[in-house]
Amino acid sequence: MDFMLEEEMIDLLTFCLQNPDSDEIESKKSRLKEIGKELFDDGGVDAMENFFFAVENRIEGEIEKSPKPFRSLWNGISDEWNYQ
């Protein structure tokens with residue numbers, strides 16, 4: 001399941017980074033929030049950190065853009081996760 005979730009997250013973030021003005025951005029962000037909640041429920045903040053790190057490295061390697069601004073979508077899932 002993690003592999004499928006990782007691929008989905010990569011697709012979502014890549015779309016958002018490459019199409020910032022798309023009408024689909026809000027639905028993509030909503031799904032990204034759901035993924036963060038699923039990860040937290042499964043393994044806590046450590047799972048979120050590890051997962052985002054792996055996805056971030058792949059995206060930066062593939063399209064040379066950083067998904068770091070999207071980390072804040074997971075704010076509120078846990079008090080430990082707080083990014084701007």
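A residue is called buried when its relative accessible area is under 20% and exposed when that value is over 50%, with partly exposed covering the range in between. Keep those cut-offs at hand for the exercises below, which all use a predicted model.

**Exercise 1. Follow the salt bridges of Arg31.**

Task: How many salt bridges does a search of the whole structure find? Then work out how Arg31 pairs with Glu8 and with Glu38.

Solution: 
- Step 1. The search over the whole structure gives 10 salt bridges.
- Step 2. One of them pairs the side chains of Glu8 and Arg31, with an N to O distance of 2.7 Å. This pair links distant parts of the chain, as Glu8 sits in helix H1 (residues 2-18) and Arg31 in helix H2, 23 residues apart.
- Step 3. Arg31 also forms a salt bridge with Glu38, where the closest N and O atoms are 2.8 Å apart.

**Exercise 2. Explain a pairing within one helix.**

Task: Describe the salt bridge between Asp41 and Lys37, and say how their positions in helix H2 relate to a helical turn.

Solution: 
- Step 1. The side chains of Asp41 and Lys37 meet in a salt bridge, 2.8 Å from N to O.
- Step 2. Asp41 and Lys37 are four residues apart in helix H2, so about one helical turn separates them.
- Step 3. For the surface view, Asp41 has 52% relative accessibility and so counts as exposed, while Lys37, at 42%, is partly exposed.
- Step 4. Elsewhere, salt bridges with shared partners join Glu6, Glu7, Arg58 and Glu62 into one network.

**Exercise 3. Examine Glu62, Ile63 and Glu64.**

Task: Where do Glu62, Ile63 and Glu64 lie, and what is the phi of Glu64?

Solution: 
- Step 1. Glu62 is found in helix H2, and its relative accessible area of 48% makes Glu62 partly exposed. Its C-alpha atom is separated by 25 Å from that of Glu38, 24 residues apart along the chain.
- Step 2. Ile63 is also in helix H2.
- Step 3. Not counting residues up to four places away in sequence, Ile63 touches Thr14, Leu17 and Gln18.
- Step 4. Glu64 lies in the segment after H2. Its phi is near 55°, a positive value in a residue other than glycine. With a relative accessible area of 72%, Glu64 is exposed.

**Exercise 4. Look at the segment after H2.**

Task: What does Ser72 touch, and which residues gather with Glu80 in a patch of negative charge?

Solution: 
- Step 1. Ser72 lies in the segment after H2. Its relative accessible area is 28%, so Ser72 is partly exposed.
- Step 2. Ser72 touches Tyr83 and Gln84, with residues up to four places away in sequence set aside.
- Step 3. Compare sequence with space once again: Ser72 and Lys33 are 39 residues apart in sequence, with 9.4 Å between their C-alpha atoms.
- Step 4. Glu80 is found in the segment after H2 as well. At 65% relative accessibility, Glu80 counts as exposed.
- Step 5. On the surface, Glu80 gathers with Asp46, Glu49 and Asp79 in a patch of negative charge.

Conventions
Residues are numbered from 1 along each chain as its sequence is written. This is a predicted model: local features need pLDDT of at least 70, side-chain atom pairs count only at pLDDT 80 or more; totals for chains, interfaces and linings use all residues. Side-chain values use heavy atoms; hydrogens and water are left out. A salt bridge is a side-chain nitrogen of Lys or Arg within 4 Å of a carboxyl oxygen of Asp or Glu. Helices (H or I, at least four residues) and strands (E, at least two) are DSSP runs, numbered from the N terminus. Buried means under 20% relative accessible area, exposed over 50%, partly exposed in between (1.4 Å probe, protein chains only). Patches are made of residues with over 30% relative accessible area and no salt bridge: like charges are joined within 9 Å, nonpolar side chains (Val, Leu, Ile, Met, Phe, Trp, Tyr) within 5 Å. Accessible areas come from the Shrake-Rupley method with a 1.4 Å probe; for residues, only the protein chains shown count as cover. Lys and Arg count as positive and Asp and Glu as negative; His and the chain ends are not counted. The place of a charge is taken as NZ of Lys, CZ of Arg, CG of Asp or CD of Glu. Contact means heavy atoms within 4.5 Å.
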